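I opened this entry to keep track of what I looked up, going from the whole chain down to single residues.

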Amino acid sequence: MSDSDFTLDLRLAADTVEVGDLALCRVLLMDDARFPWLILVPRRPDLVEITDLAEPDAQALWQETRIAVGVMQALSRPDKVNVGALGNVVAQLHVHVVGRFRSDPAWPGPVWGVGTRTPYPLHARAQLIERAGALFSAA
């Protein structure tokens, strides 16, 4: 299967901005200024569970998740980084990498369902994407 068979879920596309591609995953930035939040989506069709990945891709997903955690730490210096692959609303396999702060509006609970998403101002979003892209390139 090739990347050309990959289609990003419409809800993920609507809520995020593309940062770039790693060897396996498309990297997205959740467009919510309240939480620094990256999403990794393996560019393979019809994946729902991590166990749907071929073994080499499963290993690549773990390596890319580790890279994304490092990028999140460098990007935002959070108190904690949460990593999860839930898929209850969006079935397409994706991994959340969320920087958390003791001062954030959802702490210590999950970020889902808390308040209203606050999109980044366009200039701030562009700067964040550029910085994240540079950190991924350097990783």
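I took helices and strands as DSSP runs, helices of at least four residues and strands of at least two, numbered from the N terminus. The model is a predicted one.

Fold. I counted 3 helices and 5 strands in the protein. Read from the N terminus, their order is α-β-β-β-α-β-β-α.

Overall dimensions. I checked the radius of gyration against the globule rule. The protein has 14 Å, and a compact globule of 139 residues would be near 14 Å, so the two agree. Along the principal axes, the C-alpha atoms fill a box of roughly 40 × 35 × 25 Å.

Packing and surface. I found that 44% of the 139 residues count as buried. I then looked at contacts between residues at least 6 apart in sequence, and 57% of these join residues at least 24 apart.

Charges. I noted 13 positive and 17 negative side chains. The centres of the two sets are 9 Å apart.

Loop between β5 and α3. I looked up Asp-104 and found it in this loop, where β5 spans 95-100 and α3 spans 122-138. Is Asp-104 buried or exposed? Its relative accessibility is 9%; the cut-off for buried is under 20%, so Asp-104 counts as buried. I also listed a polar contact of 2.7 Å between the side chains of Asp-104 and Arg-100. Pro-108 has its place in the loop between β5 and α3 as well. The peptide bond that joins Trp-107 and Pro-108 is cis, with omega at about 0 degrees.

Positive phi. Which residue in the loop between β3 and α2 did I look up? I looked up Asp-46, which lies between β3 (37-42) and α2 (55-76). Asp-46 is not a glycine, yet its phi is positive, about 60 degrees. Its relative accessibility is 74%, and exposed means over 50%, so Asp-46 counts as exposed.

I next turned to Arg-77, in the loop between α2 and β4 (80-84). Arg-77 is also a residue other than glycine with a positive phi, near 50 degrees. At 64% relative accessibility, Arg-77 counts as exposed.

Technical notes:
Residues are numbered from 1 along each chain as its sequence is written. This is a predicted model: local features need pLDDT of at least 70, side-chain atom pairs count only at pLDDT 80 or more; totals for chains, interfaces and linings use all residues. Side-chain values use heavy atoms; hydrogens and water are left out. The radius of gyration is taken over C-alpha atoms; the globule rule is 2.2 Å times the number of residues to the power 0.38. Buried means under 20% relative accessible area, exposed over 50%, partly exposed in between (1.4 Å probe, protein chains only). Contact means heavy atoms within 4.5 Å. Lys and Arg count as positive and Asp and Glu as negative; His and the chain ends are not counted. The place of a charge is taken as NZ of Lys, CZ of Arg, CG of Asp or CD of Glu. A polar contact is a pair of N or O atoms within 3.5 Å; within protein, one must be able to donate a hydrogen and the other to accept it, and residues adjacent in sequence count only if both atoms are side-chain atoms.
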